[in-house]
Amino acid sequence: MKLVIVESPSKGETIQKYLGKDYIVTASKGHITELAKGGKHGLGIDFENGFKPHYILMNDKVNTLNEIMRLAKKCDQILIASDPDREGNAIAWHLQERLKDLEIPIKRLILKEINKKEIAKSLKNTGEVDLNLFRSQEARRVLDRIVGFKVSPFLMNFFGPNLSAGRVQSVVTRMVIDREAEIDSFVPENFWNISATLSVDGQNGFDTKYDTRVTDQKTADSVVKSITNKDFIVSDVISDEERKNAPPPLITSTLQQMMSKIFSIPADKTMKAAQKLYEQGFCTYIRTDSVRASDDAISDLRDYLKTNNLSASTKTNLFKNKDASQDAHECLRPTDLSVDPNTPALIDPAEKKAYELIWKYFVASQMSPAIYSTLKVIAHVDTDASIKVKATGKALKDPGYLSILDFSSNSTSKIDIPLLKKGDVLKLFGKSPIKSEKKQTQPPPRYSESDLIKELEKKNIGRPATYADILSKITNRDYVLKNGNVYKPTELGKKITNVLTKFFPFMDYSYTADLEKQLDDIAENKSNYLDMLNKFYKPFNEQLNKAYCSFGSKICNKCNSPMIIRTSKQNKNFFGCINFPKCNGIQNCEENNDISK
């Protein structure tokens, strides 16, 4: 008998169906340990001993672990099948540490998709916990604990209770605030759109636009005068084809963007739906930033396109990953192409929509380009060749991949420009053939959820799997408001972000992206945990001390940490070390001095 430990009960139920009676499947329900905090454990990190973390068993996981151990004693092997990413490897490592005293062989079971074929293949290729991925997760966990548990008290001391800072969440808040500042400082510029309706036969008109940008009223009036009561000569007719290549399959971030943009489903709901799809065996592992698909998956897809009379690309479409992508997993794709988006097995609306996008984008990724017919006509005033107007049009000639991505309505588009040739004479057409409209440039829009996720990915801030949690945090903490589908900063968000940006380099976009890169390097065994944290911690601690001192605090002469105003039982103010009770350093201060003012 073998024990298989997964993360979620629903995933376990799916796997149990494929494994049969020789296996027992149970779930850890996520992490079983957490970093200790408070009292003698402080931040749960031993700063004097290589940033060694101190882990404790979660209170609500005592019974879970006991049940896992009870089942393990019935078995001759333990297979830990937590998810194949950093968090999954961390869960596996902690389970292994808690179970190793049972002296039962423990192996790692990697499942990138949940179906009979993949499970059978994985059982033949069991391995060990990926220590590089685990150490990368541990470095992230320690790094986030340091920032969150040291900077949050600073905010609460000087700006009010229930505030928090985070290595990523505070930077995302800054992005929303910086965009608002761009909007506030935006100075609109005037411009004029000048158009002329022309006809070659006196029966049908088509619209043209003046071909030069106009930014003042005087010039606009002059242009209108120069084309009034004039004939035009066709200078050029350019007919061409435009090819639009198939997009890559979805990854975690693009799934979140599409779900928000097309269906107005937020990132947190998207991730829950995608996780359910993975656990039920409908799609591959959902936390990925790679657009790569396996050779077998591509081969199966191209066979599917041929069998179903869909236009496959002449050659296999290859897609390039971002430089920052880990490429540890395949793209998001269906595990069985024959299960189309209309499958009755999917009842939950969010799961159905998520699967629809995953399926369609994967199928479309190996299809032929969409081809448009394009036409551009340039004409000039018959008495002045320098005064030009133009008309452009585009019509879908061959939908290619668009036939799958539901943009088939484009096939009805047409080019509303008559057949013309160079030298044709065009006359003004209609009662008011010339129009001059004053316009203004618009400020950049506030971030929608899909736009903000896209920008986070572009700046390499955080990881796609954490975006939903981050966006929830900054709204729940009242640092930003979500009005409809756009984010707007609050005054509280602006106030604390200005202070954090002033004192802490982790608020810089490039600095944050570099930290992510260092975590990736640990995962790829190009760097190590201790070097990364040593490089970060000393300057961070100096920045924290400087921030406290700028608000009137002092530095403890016992442990070199900041001190804050505390009040004695005699109602006297004094400076006390923030590390109390671990450090009992105190210093005198003036009577009734209030450091928060």
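**Figure 1. Charged side chains over aromatic rings.** Arginine 174 lies over the face of tyrosine 509, and the distance to the ring centre is 5.0 Å in this predicted model. Lysine 150 returns in the legend on the pocket, where it is listed among the residues closest to the centre of the second largest pocket.

Figure 2. A pair of aromatic rings is described by the distance of the centres and the angle of the planes. A search of the whole structure finds 17 aromatic pairs, and one of them joins phenylalanine 154 to tyrosine 548, with 5.3 Å from centre to centre and 70 degrees between the planes, an edge-to-face arrangement. This pair links distant parts of the chain, since phenylalanine 154 belongs to helix 5 (residues 131-159) and tyrosine 548 to helix 16 (residues 529-550), 394 residues apart. Are the two partners buried or exposed? Phenylalanine 154 has 0% relative accessibility and therefore counts as buried, and tyrosine 548, at 0% relative accessibility, counts as buried too.

Figure 3. Phenylalanine 504 and phenylalanine 506 form an aromatic pair that is tilted, with 35 degrees between the planes and 5.5 Å from centre to centre. Phenylalanine 504 is buried, because its relative accessible area is 1%, which lies under the limit of 20%. Phenylalanine 506 is likewise buried, with a relative accessible area of 1%. Ring pairs link Phe154, Phe158, Phe159, Phe504, Phe506, Phe536, Phe540, Tyr548 and Phe551 into a cluster. Phenylalanine 540, a member of this cluster, has its place in helix 16 and is buried, with a relative accessible area of 1%.

Figure 4. Rolling a probe the size of a water molecule over the atoms shows where empty space is left. The second largest pocket has a volume of about 820 Å³, and it is lined by 33 residues, of which Gly42, Leu43, Lys150, Asn579 and Lys582 are the closest to its centre. Which elements supply at least two residues each to this lining? They are strand 4 (45-46), helix 5, helix 16 and strand 19 (562-567), and helix 16 gives the most, with 5 residues. In terms of residue classes, the lining of the second largest pocket divides into 15 nonpolar, 12 polar and 6 charged residues.

**Figure 5. Helix 11, its span and its cover.** Helix 11 (residues 349-364) has 16 residues, which at 1.5 Å a residue should span 22 Å, and this agrees with its end C-alpha atoms, which are 22 Å apart. Helix 11 is mostly covered, with 12 of its 16 residues buried; among them are Ala350, Glu351, Tyr355, Trp359, Lys360 and Phe362.

**Figure 6. Two asparagines with positive phi.** Asparagine 309, although it is not a glycine, has a positive phi of about 55 degrees, and its place is in the loop between helix 10 (295-307) and helix 11. Asparagine 460 also is not a glycine and has a positive phi, of about 60 degrees, and it lies in the loop between helix 12 (449-459) and helix 13 (464-476). Which of the words buried and exposed applies to each asparagine? Asparagine 309 is exposed, with a relative accessible area of 72%, whereas asparagine 460, at 12% relative accessibility, counts as buried.

**Figure 7. An exposed lysine in a loop, and the whole protein.** Lysine 431 lies in the loop between strand 14 (425-428) and strand 15 (434-440), and it is exposed, because its relative accessible area is 88%, which is over the limit of 50%. The C-alpha atoms of lysine 431 and threonine 197 are separated by 9.8 Å, while the two residues are 234 residues apart along the chain. For orientation, the protein has 16 helices and 21 strands, and its C-alpha atoms fill a box of roughly 90 × 75 × 40 Å along the principal axes. Of its 597 residues, 49% count as buried.

How values were computed
Residues are numbered from 1 along each chain as its sequence is written. This is a predicted model: local features need pLDDT of at least 70, side-chain atom pairs count only at pLDDT 80 or more; totals for chains, interfaces and linings use all residues. Side-chain values use heavy atoms; hydrogens and water are left out. Rings of Phe, Tyr and Trp (its six-membered ring) pair if their centres lie within 6.5 Å; planes under 30 degrees apart count as stacked, over 60 as edge-to-face and the rest as tilted. Helices (H or I, at least four residues) and strands (E, at least two) are DSSP runs, numbered from the N terminus. Buried means under 20% relative accessible area, exposed over 50%, partly exposed in between (1.4 Å probe, protein chains only). A charge sits over a ring if NZ of Lys or CZ of Arg is within 6 Å of the ring centre and within 35 degrees of the ring normal. On a 1 Å grid over the protein atoms alone, a cavity is a set of points where a 1.4 Å probe fits but cannot get out, and a pocket is an open set with protein on both sides within 12 Å along at least five of seven lines; lining residues have an atom within 4 Å of a point. Grid points are joined across faces, edges and corners, and a volume is the space filled by probe spheres set on the points. Ala, Val, Leu, Ile, Met, Phe, Trp, Tyr, Cys and Pro count as nonpolar, Asp, Glu, Lys and Arg as charged, and the others, Gly among them, as polar. The expected span of a helix is 1.5 Å times one less than its number of residues.
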